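This briefing is meant to be read alongside the sequence and the coordinates.

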Amino acid sequence: MTLAAETSLHSDVREFLSRPGRLLIDGQWVDAASGRTFSTEDPATGGVLVEVAHGEAEDIDRAVRAARKAFEDSPWSRMKANQRERLIWRIGDLLTERAEVFGQLESLDNGKSAGIAQVVDVGWAADVFRYYAGWATKIEGKTVNVSMPFAPEGAQFHAYTLREPLGVCGQIVPWNFPLLMAAWKIAPALAAGNTVVLKPAEQTPLTALLLGELFEEAGFPPGVVNIVTGFGDAGAALSAHNDVDKVAFTGSTEVGKLIVQAAGGNLKKVSLELGGKSPNVVFADADFDIAVPGSLNAWLFNHGQSCVAGTRLFVEDRIFDKFTQAVADAASQVKIGPGLDPTSQLGPLVSKEQFDKVSRYLSEGLADGARALTGGKRFGDDGYFIEPTVFVDVKPEFSIVREEIFGPVVAALPFNAEEGVTAAANQSDFGLAAGIWTRDISKAHRTARSLRAGSVWINQYNGFDTAMPFGGFKQSGWGRELGAESVELYTQTKAVNVAL
């Protein structure tokens, strides 16, 4: 680990980074079958943090077998719902107790602000576990008043449904919110009584491994939660495994399509939370003082590395120049620096690969004729920092307008109130989220109805809540996470009809 990364670290983080990361399979921390490891690095410096086990298909198979055994023949399979509830709730409590440790580790591995990670990523993850702990005792079937038209006259029946767990759930999470996305998937799966094999992103495996230690401490039976670190081949093996009953994935649309193909072998259930290129619509009657910082947050939150980022900024033409310049001025004042610096507001991108990708989009935008009101290049000489960039003079066909950049870059386009904004806002393969800023509440609701997006936020952006379902239209995914809808992703319905 680099000296810069060690500054002001919690002693528990130092201790965690002093030992290599291993796989959690059947309640044991083990090396990869091949003995191979890979490095995870600090994106603020490029320095290596620690070596992590390089899991591959054989390790996935070991983990799936452990999860199957735990599902069918372990204390977990016979556990009362309120016992599961207490165990899952305990994970939330342990996350709260160690929020600083998890926050610093997420910052080191991902680059985000440790302070923000502690409040948002860790705090929300704890809330997710507590929310779904409560669901463990509330998963219910129903009785059905059947007619049975072909039954003999006078025959009576007792018909009902059961909601049962699916079985072994393969879960693949991304690098932008490593801990939080793991919580979104693991918590409802466990509440429903499933077992899990988690494959974290290779860029950010550390908080998933530390989370695995919490499951041990909380007293979960071996094999209920298994964690295999590795690369895309491990994710492919998990998606294709014939003894996996469901795969849940958050990541790019391109990889999501590959997962659908891999899952076809045994027709396992699939849920996907994929890419976005979200419109953020600012009408001329918006509250300027609220809409400017809100629109900045829409595309700068998490350094722009967010699937819902409002990176297509549609501004009514009457205020376009004034508004975009105000956003650019605010962006230019953002403090850029390492996530462990408590004064930093914008950290580095997660990896050199992501840095190169965003840099390419900056070059393409400028070459196409876009003009940067601020930013447009890297920041500093070390690490993977990109200046916040506001592009104007763009056209819908530009790559910076059409494609998901996943960095601190926004493209602003004017619209005319008479012509409307809906058609332009919906001109995308994606449909994950959208923002609307206006004082006219009727206009807000009309626009919200017309936008093809799974989440629409009015006079705010990133308005998440654990009880609100989240997911996308079009190529932004299948299914909904969070809320009651997520429990449905991890259960199946059995119909029982008894002749009395």
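This is a predicted model: local features need pLDDT of at least 70, side-chain atom pairs count only at pLDDT 80 or more; totals for chains, interfaces and linings use all residues.

**Salt bridges**

- The structure holds 26 salt bridges, among them the pair of D59 and R62, whose closest N and O atoms are 2.6 Å apart.
- D59 and R62 both belong to helix α3 (residues 57–72), where three residues, or about one turn of the helix, separate them.
- D59 counts as buried because its relative accessibility is 1%, while R62, at 24%, counts as partly exposed.
- R402 and E403 also meet through their side chains in a salt bridge, with an N to O distance of 3.5 Å; R402 is partly exposed at 43% relative accessibility, and E403 is likewise partly exposed, with a relative accessible area of 27%.
- A network of salt bridges links R68, E72, D243 and D245.

**The seven-stranded sheet**

- Seven strands make up an open sheet with mixed pairing, in the order β14-β15-β16-β13-β12-β18-β19.
- The edges of this sheet are formed by β14 (371–374) and β19 (455–458), each of which pairs on one side only.
- Neighbouring strands of the sheet are turned against each other by 25° on average, when direction is ignored.
- Strand β18 (residues 433–437) runs parallel to β19 and is joined to it by four bridges, and I436 stands opposite I458 in β19.

**Helices on the sheet**

- Helix α12 (residues 320–332) packs on the sheet and touches β12 (279–282), β13 (312–316), β14, β15 (389–392) and β16 (409–415), while the direction of the helix makes about 60° with that of β14.
- Helix α13 (residues 352–368) lies across β14, β15 and β16, and runs at about 25° to β15.

**Nonpolar surface**

- V144, V146 and M148 make a nonpolar surface patch of about 190 Å².
- Within this group, V144 is placed in strand β5 (residues 143–144), and V144 is partly exposed because its relative accessible area of 39% falls between the 20% and 50% cut-offs.

Note on methods. Residues are numbered from 1 along each chain as its sequence is written. Side-chain values use heavy atoms; hydrogens and water are left out. Patches are made of residues with over 30% relative accessible area and no salt bridge: like charges are joined within 9 Å, nonpolar side chains (Val, Leu, Ile, Met, Phe, Trp, Tyr) within 5 Å. Accessible areas come from the Shrake-Rupley method with a 1.4 Å probe; for residues, only the protein chains shown count as cover. A salt bridge is a side-chain nitrogen of Lys or Arg within 4 Å of a carboxyl oxygen of Asp or Glu. Helices (H or I, at least four residues) and strands (E, at least two) are DSSP runs, numbered from the N terminus. Buried means under 20% relative accessible area, exposed over 50%, partly exposed in between (1.4 Å probe, protein chains only). Two strands pair if DSSP finds at least two bridges between them. Axes are lines fitted to C-alpha atoms, for helices over the stretch in contact, and angles run from 0 to 180 degrees between N-to-C directions. Contact means heavy atoms within 4.5 Å.
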